[in-house]
Structures are given as C-alpha cells and as structure tokens.
Amino acid sequence: MHVDEIKNGIVIDHIVPGKAKQIYEMLGLGRLNSPVAVLMNVPSSKMGRKDIIKIDENIEIDLDVLGYISPHITVDIVKDGKVEDKKHIELPEELTDILVCKNPRCITSTEQEIHHVFRLTDRKTGVYRCLYCDTAATK
Amino acid sequence: MRNLIDILDLSVDEINALIAVANDIIAHPEMYREKCRYKKLATLFFEPSTRTRLSFEAAMMELGGNVLGFSEASSSSSSKGESVADTIAVVSGYADIIAMRHPKEGAPIVAAAKSSVPIINAGDGGHHHPTQTLTDLLTISRVKGRLNDLTIGVCGDLKFGRTVHSLIAAMSRYEGIRFVLISPEELKLPRYVKETHIKAKGISYQQTESLDEAIGMLDILYMTRVQRERFFNEEDYIRLKDSYILTPEKLVQAKEDLCILHPLPRVNEISTAVDSDSRACYFEQARYGKFIRMALILKLLEVE
Ligand SMILES: [Zn+2]
C-alpha cells in the first residue's frame, strides 16, 4: 500500500491500532477540504501494529485530544517536504471541553455556560476525573 | 482569599489550629462575642438542611455578626432558572462570607470561581460536606484528647456515605490510625477511596460484615444510616438492616471508653436506649458543630 508523501501538512504517527477513527472524528477532519489519509494496522517495529493519519494541510490541532485518546503519539509538522517540528504527545494534565461528565448529579448537568474540565488523577492508569464531582471519565 | 470546598483544602496544621480556636471559644465564649460585628454571613441553601443552616447561623450570631439568605431553592431565583454563578455574583456583593448547600456535586466550585467573598461548602449532593468532618474531628479530639493512635470503626453505608469518605480522608493524615470498615457487601467502601486514602498511605485496615465481631476493638464507632433505597431487593434489606443497628446489647462487647458518633439525623440505626450510655457522643457532636464553624468563619474572614 502506498500513500503519497505530503509536502505541507501533518503526520500523526504511532497511534494505538484502532484509534485512528476516533481521532479523525474528534479532530473533525471530515470537515477539511484537503485530502486526509487514514492508515490502519500498519506494521511497526516499536508497536507491532499502529495507525497513522496524514493531513495534507497545516491546520491547528488540539494536541490534548490526541494525548488523551492515544498516549505516546508523535505529531510531525511537515513544511516544504521536510519535518519541521516533531512533537511527542503524552497524557495531558487537564482536558477542557473534550469530555462531558456523565454524572447526572454533577453541576455540569444543569449550570449553563460551564466548561467541562477533567484532570488526570492517575498517570499510570490514565484515569481522568471531573473537576466538579470527581467522577471518573469512561473512554 | 480562601474557600472551603473539600476537607483536604485544609492542611493538618490548619485543621489543628481550627480545633484549638474552637476549644478556646468553648472555654471563653465572651471573648468572641464582638469578633464579627457588622459582618454578614449569607446562608444559601438551594436544598433544605435545617440543622446545618441553623448551626451556621448560630455560629455567626455568636460572633456578633448578622445572617441573611434563603433555605430552599423554591423561594429563590434559582427556581426561575438563574445559574449558581449569577446568584453568587449578586450575593457576594451583599455578604462578607457565604455558606452554601446545593443538590448538585461541584456547585461550590462554580460558586468559588465567581465569588468575591469566601465560600464555605455546606454540602454538595453526595459529594463533600467539610464542616461535618471538622465537627467530627473536633468531637474526637475533645472526647479522646487526641487525633492520633486510634482504631476507628465506620459502620453502615460506606458506599454512598460521603461523611465516611471525608472522615477517612481527614483521619488518614494522622499517625497511628487503623480503620475497621463495617458494612454489607453491597455497601462496601468504594475502591478509589480505599486506594487513595488508606492503601496509598500504608494504613492498616480490615473489612467485615459484622458489627458484633468488630465492636470490641474500636476506640471510635462512626455510625451511618443503611437506607432501603440503596438495596436492589427488599429481601437483602430486611436480612441486613438489623445487623447495623446499635443497641445496648451490642455495646456489652465494646470498650469502656468507646466514642460513638453519628452525623445525624438518625432514623433507627442507633437505638434510643443507647442515648443515655456515657459512650454516646452524637448530641455533643452536633453541639460542637457550631464552635468549629465559628472558628472557620474567623479564619476565612481573617479576623484576629
Ligand atoms: Zn462531573
């Protein structure tokens, strides 16, 4: 399988296999005019298998979303065919308006114009809890 | 400016200092009668809790201050859909300090973000109730003369009982504490509470379904209510309810200096026949609630 190298754009690499679809959805990549390649189950020496997303445009992306869905992801910013910046993404400390608290007793269920904030409470297990009610987020 | 949302917002030193002030207030109430003159406490009770509200109001009055507020949401603008943030933005312009109770978890965090005056969480749903925990700690320290080296039994609904979770969080920071967790299988302490506050600190604990088995080893027995609606079926409830009722017969096995606590109100989990036992401390506990709230108001208003 062959997908053209991109000249200007973003390569999201080392995605846990199967998670590329979720990232595609959460970043809203379907709304772009530029081509987006989603490669799934690509052989990897480090991970066995991995997913990759190539975006043929330099857009602003929410790195926190990536870190949350699949930690240890790498993001390459490509300009004029060269990798200009390589970012290693880890679990973010805080997620704002990415997850919604599902606890019906939480103040976020009734208060208007409130940010949904989740904090990483256990880096080992990747557990995030609602800032307001401490309910753990479910992936 | 400080708020009190969760008991862990206070360090052990700060809690000990509050207890020292409360003890001084109990010993010399006349010294504190003018401390909050011309200050106003707003009690915003979006859900009713008469006991807690009266305790706060009595505390402010004994400090020479005034109180204003509402005691249920239907008499306030929040029943017309006003947000917590807006209510607080308005009220913090009238009062010097706010004690609020709200049925939704985390409401005081929203309030604190908006408020220009200190916020005290007087209970947010099933989540936190820090002034209850301060009351529990003041009572234990007065009755036992210490907050370390104690075997603390918590009994009843450990799953949903927020007062138990906060008590465990607060007491696990003192030396030489042992916990005995007494509950039916269905109402066991949630794993994250155990992991965060007991296991992570290497505190010794045991779990049992039998109050009879545990009662003899305890210095403190903290009773909570086992509610019918927490059970999946009536059969389990009927089978278990009587095993978590404290009676004079059960107390035969207990230490002479056991201290029995309950956040109140009780329904039937402590038989009224226990009330006259010298080990019953729950009414004293309710009385101490006012003094620790006085100490807290002084601290948050930074009154010397
Ligand atoms: Zn929440």
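Buried means under 20% relative accessible area. Keep in mind that this is a predicted model.

Q: Why is Glu57(B) called buried?
A: The cut-off is under 20% relative accessible area. Glu57(B) has 14% relative accessibility, so Glu57(B) counts as buried. Glu57(B) sits in helix H2 (residues 50–62) of chain B and touches Leu41(B), Thr43(B) and Val67(B), leaving aside residues up to four places away in sequence.

Q: What makes Ser141(B) buried?
A: Its relative accessible area is 14%, and buried means under 20%, so Ser141(B) is buried. Helix H5 (residues 130–144) of chain B holds Ser141(B). Beyond residues up to four places away in sequence, Ser141(B) touches Ile19(B), Arg146(B) and Leu147(B).

Q: Which residues coordinate the zinc ion?
A: Cys101(A), Cys106(A), Cys130(A) and Cys133(A) do, each through SG, at 2.3 to 2.4 Å.

Q: Why is the site of the zinc ion called tetrahedral?
A: Four donors count as tetrahedral if all angles lie between 85 and 135 degrees. The 4 donor atoms here have angles of 102 to 114°, so the site is tetrahedral.

Q: What parts of chain A does the pair Cys101(A) and Cys130(A) tie together?
A: Cys101(A) lies in the loop between strand E6 (94–96) and strand E7 (117–122), while Cys130(A) is in strand E8 (residues 127–130), so the pair ties together parts that are 29 residues apart in sequence.

Q: How do you know whether Cys130(A) is buried or exposed?
A: Its relative accessible area is 2%, and the cut-off for buried is under 20%, so Cys130(A) is buried.

Notes. Residues numbered from 1 in each chain as written. Chains lettered and ligands numbered in written order. Predicted model: local features only at pLDDT ≥ 70, side-chain atom pairs only at ≥ 80, totals over all residues. Heavy atoms only, no water. Helix = DSSP H or I, 4+ residues; strand = E, 2+ residues; numbered from the N terminus. Buried < 20%, exposed > 50% of the residue type's maximum accessible area, 1.4 Å probe, protein only. Contact = heavy atoms within 4.5 Å. Donors = N, O, S within 2.8 Å, 3.2 Å for Na, K, Ca; no water. Tetrahedral: all angles 85-135°; square planar, octahedral: opposite > 155°, others 65-115°.
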